[in-house]
Amino acid sequence: MSQAYVVVKLGGEVVASPHMAAIAADIGEMVRRGERLVMVHGGGPQATELQKKLGQTPNIVAGRRITDADTLEVMKMIVAGRVNVDACAALVAAGVSPVGLHGASSLTVRAVKRPPRVVTGAGPDPIDFGHVGDVTGVNRALVELLAERGYVPVVACLGADEAGHVYNINADIVANRIAIELDAKALVLVSDVPGVLRDVKDASSRIPRLSVADGKKAIADGVVTKGMIPKLEESFAAIAEGVRAVHVVGRLERGQLAREVAEPGSVGTVLVA
């Protein structure tokens, strides 16, 4: 059996925050211990900022970005460009050897266009999200080739197909698929909240450990709301396909990423079967 992987997913806001240096330092420590790390990132806030500068109006439906041709150009510039470079630079500063990748990098993330679909909270009609993709595969051989030699693949949340079409994809979905394909021992989702909370206004109400059954009940009972619902639902799907643990954590301080992986639930919320 190959050595287990840890997949770390960062939102664009995390890459741009002061916490990035602490996360990068932890990743460096874990790599030097012999662990294999893969980073996946988004870039939503930076994309919205650039769209507004360019006179575009971001079109967000039920928390998901409609990606027309102009928006796709912005996503290429921001996600595969600025945010990927910034993430790699932070890792270099921490003594890590990152390699920036995106979907069109030897089809690291293979995808097809998402068909129109009905979206909860967006009315009864199917929504066409434009140049948005669904992941169909991962270039596992390339990721493993890099990771087993001590490099950290840093994957932007863009997919591509064999015809060279590029697609915008939610970074959580990309991270989930990579974690599934690599049989990761842990998938860590770094967000704005310190974990799954019983009361969203009270950080001390964090739930350290949540089974899939208890998580579904928390959603049904209204304990979990808004953006945490799709995050949990996608995490449950990843667990169903073999990911052993999904960790939901907030802005991390030095040492906390490594501690959460070593001691699940000590910093955030660990989701398990």
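Modeller: Keep in mind throughout that this is a predicted model. To begin with helix α7, its buried residues pack against β12 (209-211), α8 and β14 (269-272).

Biologist: Which residues of α7 are buried, and within what arc do they fall?

Modeller: With buried taken as under 20% relative accessible area, the residues of α7 that qualify are V212, G215, A218 and I219. An α-helix has 3.6 residues a turn, so residues three or four places apart point the same way. Seen down the axis of α7, the buried residues line one face of the helix, because they fall within an arc of 120°.

Biologist: How are α7 and α8 oriented relative to each other?

Modeller: The axes of α7 (residues 212-220) and α8 (residues 228-240) come within 11 Å and cross at roughly 155°. Since angles over 145 degrees count as roughly antiparallel, that crossing makes α7 roughly antiparallel to α8.

Biologist: Which residues make that contact, and how do they divide by class?

Modeller: From α7 the contact takes V212, G215, K216 and I219, and from α8 it takes I229, L232, E233, F236 and I239. Two of these α7 residues, V212 and I219, are also among the buried ones of that helix. By class, the residues of the contact of α7 with α8 divide into six nonpolar, one polar and two charged.

Biologist: Turning to α3 and α4, what is the handedness of their crossing?

Modeller: The axes of α3 (residues 44-53) and α4 (residues 69-93) come within 9 Å and cross at roughly 130°, which makes α3 oblique to α4. In this contact Q46, A47, E49, L50 and Q51 of α3 meet T71, V74, M75, M77, I78, R82 and V83 of α4, a set that divides into seven nonpolar, three polar and two charged residues. The crossing itself is right-handed.

Biologist: And where α2 meets α4, how many nonpolar, polar and charged residues are there?

Modeller: The axes of α2 (residues 20-32) and α4 come within 8 Å and cross at roughly 60°, and the two helices are therefore oblique to each other. M20, A24 and I27 of α2 meet A87, A90 and L91 of α4. By class, this contact has six nonpolar, no polar and no charged residues.

Biologist: Is K9 buried or exposed?

Modeller: K9 lies in strand β1 (residues 5-10), and, leaving aside residues up to four places away in sequence, K9 touches V40, A171, D172, A175, V188, L189, V190 and K231. Its relative accessibility is 9%, and because the cut-off is under 20%, K9 counts as buried.

Biologist: What separates the C-alpha atoms of V138 and L182?

Modeller: V138 is found in strand β7 (residues 133-138) and is buried, with a relative accessible area of 8%. Beyond four places in sequence, V138 touches L107, T108, R110, R177, I178 and E181. V138 and L182 are 44 residues apart along the chain, and the separation of their C-alpha atoms is 9.1 Å.

Note on methods
Residues numbered from 1 in each chain as written. Predicted model: local features only at pLDDT ≥ 70, side-chain atom pairs only at ≥ 80, totals over all residues. Heavy atoms only, no water. Helix = DSSP H or I, 4+ residues; strand = E, 2+ residues; numbered from the N terminus. Buried < 20%, exposed > 50% of the residue type's maximum accessible area, 1.4 Å probe, protein only. Contact = heavy atoms within 4.5 Å. Axes fitted to C-alpha atoms, helices over the stretch in contact; angles between N-to-C directions. Parallel < 35°, antiparallel > 145°, perpendicular 65-115°, else oblique. Left-handed = near helix turned anticlockwise from the far one by under 90°. Nonpolar A, V, L, I, M, F, W, Y, C, P; charged D, E, K, R; others polar. Arc of directions from axis to C-beta.
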